[in-house]
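This report describes selected local features of the structure shown below.

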Amino acid sequence: MTERKHDPHADRLSLKDYGWNPHFERQIADEERSATRPVRVLAVHRDSLEVAGPEFEGRVTPLIGETEDVATVGDWLLVEAGAPRAVRVLERRSLLKRKAAGTGRRTQLIAANVDTLILVTSANQDFNTARLERYLALAAEAGVTPLVVITKVDLVEDTARYAADARRLMPGLVVEAFDARSDDALACLQPWFTRGQTLALVGSSGVGKSTIVNSVSGTAVQQTQDIRDDDSRGRHTTSGRSLHRLPGGAWLMDTPGMRELQIMDVAEGVDEVFPDVAELASACRFSDCAHVSEPGCAIQAAIASGSLDAERLKRYQKLQREGARTGESLAEAHARNQRFGRMQKNAYTQKLKHREW
Ligand SMILES: Nc1nc2c(ncn2[C@@H]2O[C@H](COP(=O)(O)OP(=O)(O)OP(=O)(O)O)[C@@H](O)[C@H]2O)c(=O)[nH]1
Ligand SMILES: [Mg+2]
Ligand SMILES: [Zn+2]
């Protein structure tokens with residue numbers, strides 16, 4: 001761990017530069033202020049966390065606990081002053097998670113405290129409306145602003161069609177399209193990269209997430225895949241998640257491509273992505289309408305009149321079923337988070353009072 005306090009020449013960033021705000025400040029007990037240091041998790045390794053803050057940066061031993069209680073990339077962590085030990089994770093402002101690949105109900109945390117989620121898709125084979133909607137639901141549920149980026153526009157003739165298709169998915173959705181290897185990437189994304197903002201890139205393998213990180217950083221910080229032959233298909237070039245500070249002062253997180261994105265807890269997220277369908281559903285005669293052959297079904301009427309795409313209804317229902325199967329309600333999750341935050345805080349303040357370590 002590097003103590004930065006004694007180096008007057010170090011280009012010291014403030015807590016705010018790392019993304020700190022009153023939401024986190026409020027969570028610190030008076031006793032903790034002198035005994036701990038807040039740091040941001042930049043990367044998670046097998047047996048250590050890479051962290052950085054105004055007062056130190058380096059590696060700390062991770063906390064042990066349930067999936068949601070351990071630190072993930074983007075988290076704010078209190079570490080003991082003078083010792084590389086994590087004390088507790090501060091309550092998050094946002095949490096992106098998914099159902100871990102394969103079967104079972106295991107959760108995988110993707111990123112914490114992200115302000116904007118950049119959904120990356122390429123203008124060729126990867127472009128898929130259902131997948132984009134899935135990512136949009138993930139962002140909506142986590143309370144994170146989505147931004148759609150379409151890469152590889154140099155490989156197709158009609159970029160405008162892809163961008164228009166994406167814009168139709170959600171009211172007010174911002175869509176940018178560029179060649180990720182060019183200066184256009186930075187030019188298009190610059191307005192989003194303000195000091196202290198945290199952004200994360202998600203999308204399938206090979207769409208150009210790491211290429212974007214490199215283009216906007218001005219250096220090759222992330223490895224990208226140059227040749228994708230049949231042998232390399234399915235292999236991910238980026239294997240872990242990491243947070244990078246950009247020249248303008250924003251934080252950008254690269255993630256490995258996700259082959260399977262299972263949504264959790266998306267009941268509300270889905271309605272936000274499909275406000276048209278949700279609104280029609282509320283106009284059905286029966287509140288438990290299955291939108292199949294019920295009399296007075298507003299959705300079937302809209303499909304018959306051509307104002308709603310039957311495929312869009314199917315995708316909406318699929319995401320809803322998935323969310324209902326895997327999710328606890330938002331209120332439940334929130335209550336659990338708060339309980340957890342309070343519990344950790346109390347345990348730690350008690351410990352400080354009795355100095356029992
Ligand atoms: N022609 C073209 N190639 C691109 C563009 N963006 C990325 N590529 C290329 O696509 C390949 C994959 O890019 P990466 O940035 O490694 O993709 P990734 O999304 O990080 O992939 P994973 O790390 O496996 O998830 C590289 O060869 C890039 O040079 C683009 O806009 N146009
Ligand atoms: Mg990558
Ligand atoms: Zn109906």
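The model is predicted, local features need pLDDT of at least 70, side-chain atom pairs count only at pLDDT 80 or more, and totals for chains, interfaces and linings use all residues. Residues are numbered from 1 along each chain as its sequence is written, while chains are lettered from A and ligands numbered from 1 in the order in which they are written.

Ser282 belongs to helix α8 (residues 275-282). Helices (H or I, at least four residues) and strands (E, at least two) are DSSP runs, numbered from the N terminus. Between Ser282 and Ala298, 16 residues apart in sequence, the C-alpha to C-alpha separation is 8.3 Å.

**Strand β5 and its partners**

Strand β5 (residues 76-80) is largely enclosed by the rest of the structure, because four of its five residues are buried. Pairing requires at least two DSSP bridges between two strands. β5 pairs in the antiparallel sense with strand β2 (residues 36-44) over five bridges, and Glu80 in β5 is the bridge partner of Thr36.

An antiparallel pairing over three bridges also joins β5 to strand β6 (residues 86-89), where Leu77 stands opposite Val89. Five residues lie between the strands of this hairpin, in which Gly82 takes a positive phi near 85°.

**Contacts of Leu77**

Leaving aside neighbours within four places in sequence, Leu77 is in contact with Val39, Val41, Val51, Ala71, Ala86 and Val89; contact denotes C-beta atoms, placed from the backbone, within 7 Å.

Methods:
Buried ≥ 20, exposed ≤ 12 C-beta atoms within 10 Å, placed from the backbone. Contact = placed C-beta atoms within 7 Å.
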